[in-house]
Amino acid sequence: VDVLYKKLTKKNALPKPNFCFPIYIYGSLNRASPFDRAIITYFKAPKSFTGEDMLEISTHGGNVISKALIVSLIGWGARQALPGEFSYRAFVNNKIDLIQAEGIASLIGASSSIDSFYSLNNVQGKLSKALLKAREDLFVLICELEHCLDFEEEELTDGDLSGLEQGLSVSLKNLEGLLKACFCVEEADSDIRIVIT
């Protein structure tokens, strides 16, 4: 990031992280004059989407400018990102979990506003949080059950057992509710069909 920024801008040091800076950028073919005035934002690790040092470059539109930028960056050692690479790097660096990574893929491929709504919930981590809560609830029940197993059968009260049964019932209802209002859009891969008869 440091080397690319210096070559692109002819500046000696990276800009202040997390701030946007308008700056002239220079290409690899013509170093004498800039080819655009861009907005550059430097994200210092770990405060970026991927958890790595990152430069975001916003140029004016048009094929000439974008081509000059890409050709220059690749000429200086950069490469184009593979599909899903940013999500993969964010996952590997513990910035997002697997459900959020899948949510990003679903959001990109969403075919309706409903699909995108549920996919965005996954990206925001709502499904992950709901699953972690369900896991914690079950873990508490397992601890209580193991505690009960330490006692003789005669020492257990009906209250102990009914408390466990009630806890399991509540957990089951919560999981069923989670499935019914599922954040996953597996049925949403096809467009909605309406029959008018």
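Helices (H or I, at least four residues) and strands (E, at least two) are DSSP runs, numbered from the N terminus. The protein chain has 7 helices and 3 strands, and along the sequence these follow the pattern α-β-β-β-α-α-α-α-α-α. The model is predicted: local features need pLDDT of at least 70, side-chain atom pairs count only at pLDDT 80 or more, and totals for chains, interfaces and linings use all residues. Residues are numbered from 1 along each chain as its sequence is written, and side-chain values use heavy atoms, with hydrogens and water left out.

**The chain as a whole**

- Of the 197 residues of the protein chain, 24% count as buried (buried means under 20% relative accessible area, exposed over 50%, and partly exposed in between, with a 1.4 Å probe and protein chains only).
- Among the contacts in the protein chain with a separation of 6 or more, 44% are accounted for by residues 24 or more positions apart (contact means heavy atoms within 4.5 Å).

**Helix 1 (2-9)**

- Tyr-5, Leu-8 and Thr-9 are the buried residues of helix 1.
- Viewed down the axis of helix 1, these buried residues fall within an arc of 80°, so they line one face of the helix (the arc is that of the directions from the helix axis to the C-beta atoms).
- The cover over the buried residues of helix 1 includes strand 1, strand 2, strand 3 and helix 2.

**Helix 2 (63-75)**

- The 13 residues of helix 2 should span 18 Å at 1.5 Å a residue, and its end C-alpha atoms are 18 Å apart, which agrees (the expected span is 1.5 Å times one less than the number of residues).
- Ile-65, Leu-69, Ser-72 and Leu-73 are buried in helix 2.
- Down the axis of helix 2, its buried residues fall within an arc of 95°, so they line one face of the helix.
- An α-helix has 3.6 residues a turn, so residues three or four places apart point the same way.
- Asn-63, Val-64, Lys-67 and Gly-75 are exposed on the other side of helix 2.
- The buried residues of helix 2 pack against helix 1, strand 1 (20-25), strand 2 (36-43) and strand 3.

**Backbone features**

- Most residues other than glycine have a negative phi, and most peptide bonds are trans.
- Lys-10 is not a glycine but has a positive phi of about 60°; Lys-10 lies in the loop between helix 1 and strand 1.
- At 42% relative accessibility, Lys-10 counts as partly exposed.
- Asn-94, also not a glycine, has a positive phi of about 60° and is found in the loop between helix 3 and helix 4 (98-108).
- With a relative accessible area of 70%, Asn-94 is exposed.
- Gly-77, which follows helix 2, has a positive phi near 110°.
- Ala-45 and Pro-46 are joined by a cis peptide bond, with omega about 5°; Pro-46 sits in the loop between strand 2 and strand 3.

**The largest pocket**

- On a 1 Å grid over the protein atoms alone, a pocket is an open set of points where a 1.4 Å probe fits, with protein on both sides within 12 Å along at least five of seven lines.
- The largest pocket holds about 760 Å³ of space (grid points are joined across faces, edges and corners, and a volume is the space filled by probe spheres set on the points).
- Its lining has 22 residues, of which Leu-4, Leu-55, Ala-78, Arg-79 and Phe-86 lie nearest the centre of the pocket (lining residues have an atom within 4 Å of a point).
- Helix 1, strand 3 (54-58), helix 2 and helix 3 (85-92) are the elements that give two or more residues to this lining.
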